Amino acid sequence: MSRRPKSVSQRAIIAAFAVAVLAVPITAPQGIAVPVRGAAAPASADIETSGLLIVDAIPQARPTNEDQAQALSDALDLAEANPDDVGYPWIDPTSGTIELSAASAKGDDLIAASRAAMSQRSAVRHVKFSFGQLEKIKHEITNLVAEGVPGASLIFQTAPDHLNSRIIISVAAPSEVLFAELTKRYGTDAIAIQIDNKDGPAVAAGGRQSNASPFWGGAKITTPGQTGCSDSFAWTVSTTADSMLTAAHCIPSGGAVSTPAMAMGSVTSGSGENWSTTTGTTYYTGQSTYRGDVALIRITSPKVSAPLVFVGPSTSISGKGVKSWRSRYSVLGDVVYVSGATTGETGPFTVDSVGVDRLYIESNLTLIWARNITQASKYLGTCPTHGDSGGSVYSLLATGVIAAGTYSGFGVAQCTAFFTDIYRSFLGLPGTIVIDAP
């Protein structure tokens with residue numbers, strides 16, 4: 001497969017987050033009906049939400065085995081391929097039934113054909129909003145600050161609610177004027193609000209230490225404007241291990257890449273990276289789906305990359321082979337580790353939110369959005385940091401690792417890692433990952 005608007009004061013936005021972190025937790029207003037299958041936060045009568053539901057969690061499908069995880073990923077593929085007719089899938093936690101969502105009569109037909117080929121127990125449900133409608137809202141919201149929408153600087157994340165077929169907008173503090181504007185634009189059924197004053201924008205991590213050809217994942221690289229990032233996995237576009245992946249925010253305009261030991265290769269602007277220093281995730285050239293935060297480094301011949309990743313501390317010289325890759329989207333409950341040049345190997349992290357648009361704050365205080373990334377939380381212990389960007393994200397095997405994605409950034413208030421699924425890179429970039437021989 002694969003084959004400017006208004007500017008705003010960065011200081012003002014950051015100050016808003018600082019105030020929000022000190023704010024008293026807000027509870028949901030009285031008089032708002034809670035959907036039968038949803039969950040609302042406690043209530044507070046003095047906050048006018050313009051009819052928007054305040055929730056305390058983001059319901060997303062959670063598979064209990066690999067067969068379910070693959071079926072869920074296939075259902076998301078179906079939705080992405082038919083965005084006007086199919087909605088977000090859900091897994092009933094009691095029965096394990098995969099519920100496929102039809103948003104039109106054509107969607108019913110598409111789902112009927114898909115169910116006939118499924119080995120998992122499945123059902124069809126009818127939803128008001130299609131995958132395409134909700135994804136459009138999810139991404140549009142990331143541009144509200146640039147449009148000058150009052151209160152939009154409080155938004156730090158948008159994520160799909162698989163259960164209720166809507167988008168959850170996470171804000172650092174309540175804003176009646178923002179809620180009114182959101183209701184005006186999107187109504188009260190397609191979106192809901194989560195108020196989280198413990199978190200805020202993630203940090204884009206930008207500095208093992210002298211890797212040479214064949215290049216391994218989790219090693220230090222240098223790019224134009226970045227004295228230190230990391231690479232993730234060996235990739236092939238032709239017949240040899242001739243490429244590597246890294247975070248696109250490490251090299252947003254393309255250019256030369258090197259390690260402290262030698263020149264490595266280069267990234268092609270646009271088609272080889274998907275990042276803007278002013279807006280965050282962009283499309284790869286000729287595409288119309290956001291693919292997280294990943295760049296393709298084409299290695300200069302005769303140098304090559306190898307299907308190995310560094311493990312252990314930042315001073316490590318040992319690694320493990322990449323024995324397989326996650327050829328599906330990440331799902332809730334996946335356990336992963338991060339390997340970067342600065343911190344070394346950290347984890348385990350557990351995936352707790354997928355398909356997320358997340359506000360980032362870069363080292364120069366620029367606020368931008370990473371779109372369609374995965375969140376995994378650790379809460380305790382050492383966390384990745386600056387210089388680990390672009391590093392390897394993987395699950396462990398007895399004989400090596402399963403490639404899961406490319407590390408992008410970290411949560412400020414909690415030990416949270418954000419990464420781009422390797423499957424998204426497979427869908428968006430030419431070629432595929434290189435696998436170590438069993």
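The torsion about the S-S bond of C229 and C250 is about -95°, so this disulfide (a pair of cysteine sulfur atoms within 2.5 Å) is left-handed. This is a predicted model, in which local features need pLDDT of at least 70, side-chain atom pairs count only at pLDDT 80 or more, and totals for chains, interfaces and linings use all residues. Residues are numbered from 1 along each chain as its sequence is written, and side-chain values use heavy atoms, leaving out hydrogens and water.

A search of the whole structure turns up 2 disulfides:

| Disulfide | Sulfur atoms apart |
|---|---|
| C229 and C250 | 2.1 Å |
| C383 and C415 | 1.9 Å |

With bonded cysteines counted along the chain, the pattern is 1-2, 3-4. C229 sits in strand 11 (residues 226-236) and C250 in the loop between strand 12 (243-246) and strand 13 (255-258), so their bond ties together parts 21 residues apart in sequence. Strands are DSSP runs of E, at least two residues, and helices are runs of H or I, at least four, numbered from the N terminus.

C229 is buried at 0%, as C250 is at 0%. C415 is buried too, at 4%, while C383 is partly exposed at 27%.

Now to the L182 surroundings. Leaving aside neighbours within four places in sequence, L182 is in contact (heavy atoms within 4.5 Å) with L52, L144, I169, G187, I191 and I193.

Notes:
Buried means under 20% relative accessible area, exposed over 50%, partly exposed in between (1.4 Å probe, protein chains only).
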